[in-house]
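Dear colleague,

Please find the structure below. My notes on it follow.

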Amino acid sequence: MNVFRKGDIEKVQENLVTVINPSKKIKDLEKKLKFSETFENQVALADAYLEEEMYSDAISHYESSLKDVFKNDFYVISKVIEAYYYSSNFKEVIEYTKRIEGNSKFKKSKASFLYGMALDKKDIPELAEEQLRTFDAPYSNFMERLELARFLIRQKKLEDGKIIYNEMISESENMSKQGNKMNRNLIKKAKEEVAELT
């Protein structure tokens with residue numbers, strides 16, 4: 001027998017409304033921010049904008065929350081990097097990265113990966129490769145490694161790119177069922193892309 005609490009049911013209903021009407025979540029968060037201009041409310045609204053791919057709104061709220069004791073907040077700066085990357089403003093990605101690259105959380109973060117990708121877009125290949133190679137670890141980071149392989153191919157480093165593709169493919173043969181399921185599409189792309197090189 002399953003017992004449902006009222007709070008659980010309300011949470012499920014709230015999530016359903018958000019899925020059906022994503023703008024409701026944003027409207028609710030805007031009201032909340034208007035009522036109480038806290039750092040948490042500002043960031044929650046920025047996160048909702050980012051989720052809905054409303055990058056300029058997300059950037060505006062993230063940036064205005066970066067003041068006083070929160071001016072170097074790692075989470076917010078990494079999110080503003082993400083928003084700038086997806087809005088194709090790679091110069092700002094590089095600028096904001098300077099503020100957090102010394103943080104111990106930065107090395108294997110999404111912001112670090114997007115920084116590497118931004119360096120590639122700004123045609124700084126040596127730094128881009130150095131940054132992207134930090135994600136080259138066996139049995140992990142499949143999406144990042146796929147991008148690294150593509151980057152290497154674009155840099156005319158075919159053999160290096162093939163090695164990454166082939167490592168991903170051979171690792172997939174020894175992965176758990178769950179690991180394989182999670183990375184299925186990335187492995188498929190690696191197989192297709194390496195086949196095009198031969």
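Accessible areas here come from the Shrake-Rupley method with a 1.4 Å probe, and for residues only the protein chains shown count as cover. On that basis the protein chain has an accessible surface of about 12400 Å², with 52% of it belonging to carbon and sulfur atoms.

This is a predicted model, in which local features need pLDDT of at least 70 and side-chain atom pairs count only at pLDDT 80 or more, while totals for chains, interfaces and linings use all residues. Residues are numbered from 1 along each chain as its sequence is written, and side-chain values use heavy atoms, with hydrogens and water left out.

Overall make-up

The protein chain has 11 helices and zero strands; helices (H or I, at least four residues) and strands (E, at least two) are DSSP runs, numbered from the N terminus. Along the sequence the pattern reads α-α-α-α-α-α-α-α-α-α-α. Of its 198 residues, 40% count as buried, where buried means under 20% relative accessible area, exposed over 50% and partly exposed in between (1.4 Å probe, protein chains only). Contact means heavy atoms within 4.5 Å. Among contacts between residues at least 6 apart in sequence, 46% join residues at least 24 apart.

The core

A nonpolar core is a set of buried Ala, Val, Leu, Ile, Met, Phe, Trp, Tyr and Cys residues joined through side-chain atoms within 4.5 Å. The largest one holds 55 residues, and the members that touch the most others are Y62, I81, Y85, Y96, I100 and Y165. Helix α5 (residues 74-86) supplies the largest share of this core, eight residues. As for I100, its partners beyond four places in sequence are F74, I77, S78, I81, F106 and A111.

Helix pairs around α5

Axes are lines fitted to C-alpha atoms, for helices over the stretch in contact, and angles run from 0 to 180 degrees between N-to-C directions. Angles under 35 degrees count as roughly parallel, over 145 as roughly antiparallel, 65 to 115 as roughly perpendicular and the rest as oblique. A crossing is left-handed if the near helix is turned anticlockwise from the far one by less than a right angle, and right-handed if clockwise.

The axes of α5 and helix α6 (residues 90-100) cross at roughly 165° and come within 8 Å. These two helices, α5 and α6, are therefore roughly antiparallel to each other, and their crossing is left-handed. On the α5 side the meeting residues are F74, I77, S78, V80, I81, Y84 and Y85; on the α6 side they are F90, E92, V93, Y96, T97, R99 and I100.

On its other pairing, helix α4 (residues 55-65) and α5 have axes that come within 9 Å and cross at roughly 155°. The contact involves Y55, A58, I59, Y62, E63 and S65 of α4, with V76, K79, V80, A83, Y84 and Y86 of α5. The pair α4 and α5 is therefore roughly antiparallel, and the crossing of α4 and α5 is left-handed.

In α6, the buried residues are F90, V93, I94, Y96, T97 and I100. They pack against α4, α5 and α7 (110-121).

Individual buried residues

F74 is in helix α5 and counts as buried, at 14% relative accessibility. Leaving aside neighbours within four places in sequence, F74 is in contact with I100, N103, K105, F106 and S109. F74 and R99 are 25 residues apart in sequence, with 8.6 Å between them in space, C-alpha to C-alpha.

A46 belongs to helix α3 (residues 39-51) and is buried, with a relative accessible area of 0%. Its contacts, neighbours within four places in sequence left aside, are A58, H61 and Y62. From A46 to S56 is 10 residues in sequence and 9.6 Å in space, C-alpha to C-alpha.

S172 lies in helix α10 (residues 158-172). S172 is buried, at 5% relative accessible area, and is in contact with N180 and I187 once neighbours within four places in sequence are left aside.

Positive phi values

E53, in the loop between α3 and α4, has phi near 60°, a positive value in a residue other than glycine. E53 counts as exposed, at 56% relative accessibility. Y139, which is found in the loop between α8 (125-133) and α9 (142-154), also has a positive phi, near 60°, and is a residue other than glycine. Y139 counts as partly exposed, at 45% relative accessibility.

Regards
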